[in-house]
Amino acid sequence: MSTAETPKTQLRVGRLTKAHGLKGAIKLELFTDDPARRFVPGAVFTLQVPTGSPWHGKTLTLTELRWYNGHPVGFFEGVADRSQAETLVKAILWIEQDSAEASLEEDAWYDHQLVGLAVHRDGERVGTVARVDHFPAQDLLIIATATGEVMVPFVKAIVPAVDIQTGIVTVTPPAGLFEELPEDDETADDVEMTDAAANDTDATPVPDETAAPDDGTTPADA
C-alpha cells in the first residue's frame with residue numbers, strides 16, 4: 001500500500017468496504033466521530049490504494065452520504081456503477097486539515113504528532129515512535145528500540161494512552177513483543193526421570209501372559 005504525497009496534515013477518516021447496489025454507491029467504515037462534518041457534499045478525499053490501482057494518485061469527491069440500516073453509504077463523483085465502485089473497495093480516505101487546528105475527535109492524532117514521542121512500558125522507556133503505518137485492518141506504531149524496530153498494533157488494548165502534552169505513549173504489549181521469550185527447557189525432574197529410565201538396566205520385564213508357551217501348544221481361550 002502507498003499514499004501518494006501524503007502531507008503530515010492529513011487525517012484518515014474512513015475506508016471503503018463494499019459496493020452497494022448498482023448505481024456506484026459504496027459502504028463505508030468510518031474512522032471519525034464527526035461524519036456530519038467530514039462527509040459533506042463536495043468533500044474531497046485523498047486515496048490510499050495499491051500502486052497498481054487505477055485510482056492511485058487520484059482524489060475522490062463525495063456527492064452524498066446516506067444511511068442504510070445504520071450503515072453509512074457514500075456516493076462519489078465519477079463512480080457511476082457497481083463495477084467502478086468495486087475498484088475502490090478497501091481504499092482508505094484521507095482529508096487535509098490545518099495542523100494547527102486541534103482535533104475535536106477523541107483518540108485522534110496526526111501522524112506528525114505521534115512521531116518522536118517516547119514509548120513507556122511499566123513506567124520505563126522502551127523506545128521512540130519512528131512512524132505510523134496505515135493498513136486496512138489497523139494502524140501500526142513503528143517503535144525504534146535499542147535492538148531495532150518493533151511493530152505495535154495501534155489499538156486501545158495495547159496502546160491505552162497517548163499524552164501529547166507530556167510526549168509519552170503508554171503501551172501494554174503482550175509478552176514477547178519487545179523481547180524474545182526464553183525457550184522452554186526440560187525441568188530438572190523430567191531430566192532425572194529420563195536418565196533413570198535410560199539407566200534402569202536391572203528392571204525385570206513384565207511377562208506376556210498371552211505369549212505362546214515353549215511346548216508349541218496354543219494358550220486356552222479366556
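Strands are DSSP runs of E with at least two residues, and helices are runs of H or I with at least four, numbered from the N terminus; two strands pair if DSSP finds at least two bridges between them. The model is predicted, so local features need pLDDT of at least 70 and side-chain atom pairs pLDDT 80 or more, while totals for chains, interfaces and linings use all residues. Residues are numbered from 1 along each chain as its sequence is written, and side-chain values use heavy atoms, without hydrogens and water.

**View 1. Strands 9 and 10.** Strand 9 (residues 124–134) and strand 10 (residues 139–145) run antiparallel and are joined by six bridges. Asp133 is opposite Leu140 of strand 10.

**View 2. Thr145 in strand 10****.** Thr145 counts as buried because its relative accessibility is 19% (buried is under 20%, exposed over 50%, partly exposed in between, with a 1.4 Å probe and protein chains only). A polar atom of the Thr145 side chain lies 2.6 Å from the backbone oxygen of Gly148. Leaving aside residues up to four places away in sequence, Thr145 touches Val126, Gly127, Val150 and Phe178 (contact: heavy atoms within 4.5 Å).

**View 3. Strand 5 and its antiparallel partners****.** Three bridges link strand 4 (residues 44–49) with strand 5 (residues 59–68), and Phe45 faces Leu60 of strand 5. Six bridges link strand 5 with strand 6 (residues 71–76). Two residues separate strands 5 and 6 in their hairpin, where Asn69 has a positive phi near 55°.

Notes. A polar contact is a pair of N or O atoms within 3.5 Å; within protein, one must be able to donate a hydrogen and the other to accept it, and residues adjacent in sequence count only if both atoms are side-chain atoms.
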